[in-house]
There are 2 protein chains.
Amino acid sequence: MEYMIGVDIGTTSTKSVLYDMKGKVIAHANSGYQLYQDVPDMAEEDPEDIFDAVIEVLGQVIRKGKVQKGELKGVSFSSAMHSLILMDQDDQPLTRAITWADNRAAKYSEELKANGIGAEIYAKTGTPIHPMAPLSKILWIKNEKPDLFKKTKKFIDLKTYIFFRLFGTYKMEYSIASATGMFNIFKLKWEPQALDLLGITTDQLPELVEPTDTITGINSNYGKVLGITKDVPFVFGASDGVLSNLGVNAIDPGVVAVTIGTSGAVRVVVDKPVVDPNGRLFCYALTKDKWVVGGPVNNGGIVFRWVKDQLFAPEKITAEQMQVSTYDILTQIAEKIPAGSDGLLFHPYLGGERAPIWDAYARGSFFGLTRKHTRAHMVRAALEGIVYNLYIVMLTIEGVAGKPKSIQATGGFARSALWRQMLADIFEQDVTIPESFESSCLGAAVLGMYALGYIDDLSAVKDMVGVTDVHKPNEENFQVYRELLPIWIRLSRVLEPEYKSIAEFQKKHVK
Amino acid sequence: MEYMIGVDIGTTSTKSVLYDMKGKVIAHANSGYQLYQDVPDMAEEDPEDIFDAVIEVLGQVIRKGKVQKGELKGVSFSSAMHSLILMDQDDQPLTRAITWADNRAAKYSEELKANGIGAEIYAKTGTPIHPMAPLSKILWIKNEKPDLFKKTKKFIDLKTYIFFRLFGTYKMEYSIASATGMFNIFKLKWEPQALDLLGITTDQLPELVEPTDTITGINSNYGKVLGITKDVPFVFGASDGVLSNLGVNAIDPGVVAVTIGTSGAVRVVVDKPVVDPNGRLFCYALTKDKWVVGGPVNNGGIVFRWVKDQLFAPEKITAEQMQVSTYDILTQIAEKIPAGSDGLLFHPYLGGERAPIWDAYARGSFFGLTRKHTRAHMVRAALEGIVYNLYIVMLTIEGVAGKPKSIQATGGFARSALWRQMLADIFEQDVTIPESFESSCLGAAVLGMYALGYIDDLSAVKDMVGVTDVHKPNEENFQVYRELLPIWIRLSRVLEPEYKSIAEFQKKHVK
């Protein structure tokens, strides 16, 4: 047998899956770690924890799959975007890994937006100006931790760190690079304007490689532990976002991947880099010829959790006593409310928002309340609000990537038939639910197969991903949503100027 | 002993109280009746039911108080405003009494607002252009029920009807007249522009009298039933709104009466009629020299009931099982949330709104939601929203009647210490809670004593009304509210243009 391993380094755990060359899952493993939040807005991980987790899950799938010598044809990597680790002159980490969720650079991304430099840099890098991006983070460290900044030999990300530990060399592929805010997506080079702004040189950044590039010669200590010989190629791979598109078979033009988990995203593959005139979309590399354009949203399932915890506390207890999921009960409740929630609209910005409005101050709201509205209406309105917001992201994408042909939906949201139908009705698109098990791992493995010549084309993924369900838009519901959407959009606009004032009140007064 | 009876004809019941000449309650009675709502927006009462109720409660207090011949010095009346009854040539009702809550004339008040004629008429009558007013109602009947309109000999109100039944003559005092939208408050006459618009003449309206005018010679049948001789004077009295000001001792300049029951109102007495340049305030007569200027709000305790019924259904059951009031539990919950609800703002327009925005399409909203907000925050925000709205009415009144000196608070809201304190903090005013038992009845009785020469001045009411409690503004809370109010006001403005669109959606789709 021939095998390929896909590894996905996520924010709370690292997963690995052993596949045969048809994409069939042979074995899988998962290892979690801590997210450090010592001070407000911090979200860090210990790089050592992550490295241990990678070794752990690799070892597990090799053992579980009883992989024999010579059968492992490659290991390919997916990883969360935007992480930053500062390395010192002795190649030791000066910091933990500062993750995408860390918000401490907010002041600096605000400044970049306000002074217009952000827009110039975005137009070349395709990374929205936001505290998530290493661009903002390095600016923050330069200004607020100058000692650390001066001691830094290399600014790298988590995946680069893992490869450094395994192969002793600092290399970053285009996909992760394209999410740093410092990489020119049109020239495939580090962008001088960004580097000048930060006061750093290309020497302080990893060497750039292609996602399909490979490396051999694993450090013999780890090779021994894992039972991997020096000749097994490791594929640099790409970021989890773009690989998830591949892993759910949303790789053809016009096939849109909509993911709603805790947060959410809308993404589509295009064949060359594009940027949005208003800076609301990202454009990240999958390979040199395939780019993923899209928008990430903060407020996905986390909004539904708020509804469950804060609006429905007593039912929660009942549900726990009955040993069923509160979410299932709430979904049943929402199902009884007609599409459009009898004119109750919800803007889901409980935790600020990235796409489509890129406003960290954004807050949630209900509008249109009458005495006939019940908590059940609030539940449905919350779900609809999450999907309206994603639909606005979709409209923005349409502006640069054209009309969608179909939707591949994944994430926790896709497990509910009600939610899937809501997605089809609001997007007015067929919604396909791919069989999706660790899609970023599969994406990494497929990219690896392509890199190593086992398949000719990434679209071979088609035969590896089954279809669980397809939902067609319901004409009646669709009409209702079409009446409400313009109101929802106009409300977004008029509420926006008040987000900052209420957020500042909350910052000052809320303990 | 000498006695005075105050009768208050309300929307769901008629009350009567027998007082001694010091304002002490000797006996009281109450008789309810049905509100007819056969079709949407209808709210009618049967005049015969009301007449029976008046006879019933008068008889009861006379019997309960063991009033001896010669001891009853007068009977004085309070009544709900804006009611309309059409009488035919044989002095029989052509319609039920169409009450203030009836909304079927909405189209016509909208038209009057849109074509500017409403503003001209308001400037002379002091009655906001609204479906509640007989002006709009007669316009509706003229256009949609022309046969009824043509058969009408007299357009009268409920109190006029009662006096007609008792004394055989159609007389309407200035106070009720000033709430018809057809009475010139500066000239104390029916307004020709209004009558021309409606195509009616003064002959079709009752003769105008002063609130302090009296009449004797009760129909002997009813006199016998009640044990009232023909010489007992009946005082025409005034409307329940203005008499309630009198009855809670909010009669001096600058003493503001804030009432929050199911709906709410802010009212202050001035010494001559005034109108608001923007048509947002009413100005109704108490006597020729005392006018009550203010704003009525739809969304008072009814909002809190919605919170109880729709957001807190399970606690409601628990509370009922525990045999305590859900409202008390919710108030305790709200008390634990800091002033300002951690930046959660609520606009209470669940049922459209009269003052301060006069927009039947208005809808409720929550703004500023974060994941830290709980249902408890929603409860407190709802209460605060009710009071913010009343405060905006107060600011409008200030514009025409000057700064308030103190607040007299009444209604269900005033029973809770938390709510009273909220009122003091948001208004930044001392809030006095008068001992208030059927304040409109007391107001009617005091007006009767004044009319009949038993007291020299209405301010004699001071010695008849005790004080239950006084709340002083809490400086810290006050500061918080002062930060939030400008945001709340700006939100009101930006949300306003969307009320009509969502209300029309709801009208079309909500079953």
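**Figure 1. Domain division of chain A in the predicted model.** Chain A of this predicted model is divided into domain 1 (3-248) and domain 2 (301-434 + 474-509), the bounds coming from an automatic or database domain assignment. The C-alpha centres of domain 1 of chain A and domain 2 of chain A lie 32 Å apart. Seven residues from domain 1 of chain A and six residues from domain 2 of chain A take part in the contact, where contact means heavy atoms within 4.5 Å. Residues are numbered from 1 along each chain as its sequence is written, while chains are lettered from A and ligands numbered from 1 in the order in which they are written. As the model is predicted, local features need pLDDT of at least 70, side-chain atom pairs count only at pLDDT 80 or more, and totals for chains, interfaces and linings use all residues; side-chain values use heavy atoms, with hydrogens and water left out.

Figure 2. Of the area that domain 1 of chain A buries against domain 2 of chain A, 54% is supplied by Glu110(A), His130(A) and Val248(A), more than by any other three residues. Between these domains there are zero salt bridges, a salt bridge being a side-chain nitrogen of Lys or Arg within 4 Å of a carboxyl oxygen of Asp or Glu. Two residue pairs are in polar contact, both at pLDDT 80 or more (a pair of N or O atoms within 3.5 Å; within protein, one must be able to donate a hydrogen and the other to accept it, and residues adjacent in sequence count only if both atoms are side-chain atoms).

**Figure 3. The axis relating chains A and B.**

**Figure 4. The interface of chain B and chain A.** The contact takes 48 residues from each of chain B and chain A. About 4,200 Å² is buried between the two chains, 65% of it on carbon and sulfur atoms. Four salt bridges are found across the interface; one of them joins Lys508(A) to Glu483(B), with the closest N and O atoms 2.9 Å apart. There are also 21 residue pairs in polar contact, both residues at pLDDT 80 or more. Helix 17 of chain B gives the most to the side of chain B that touches chain A, with 16 residues; helices (H or I, at least four residues) and strands (E, at least two) are DSSP runs, numbered from the N terminus.

**Figure 5. Backbone features in loops.** Most residues other than glycine have a negative phi, and most peptide bonds are trans. The peptide bond from Ala355(A) to Pro356(A) is cis, with omega near 0°, and Pro356(A) is found in the loop between strand 19 (345-347) and strand 20 (364-369) of chain A. In chain B, a cis peptide bond joins Ala355(B) and Pro356(B), with omega about 0°. Asp91(A), although not a glycine, has a positive phi of about 60°; Asp91(A) is placed in the loop between strand 6 (85-87) and strand 7 (97-98) of chain A.

Technical notes: Buried area = accessible area lost by both parts, 1.4 Å probe.
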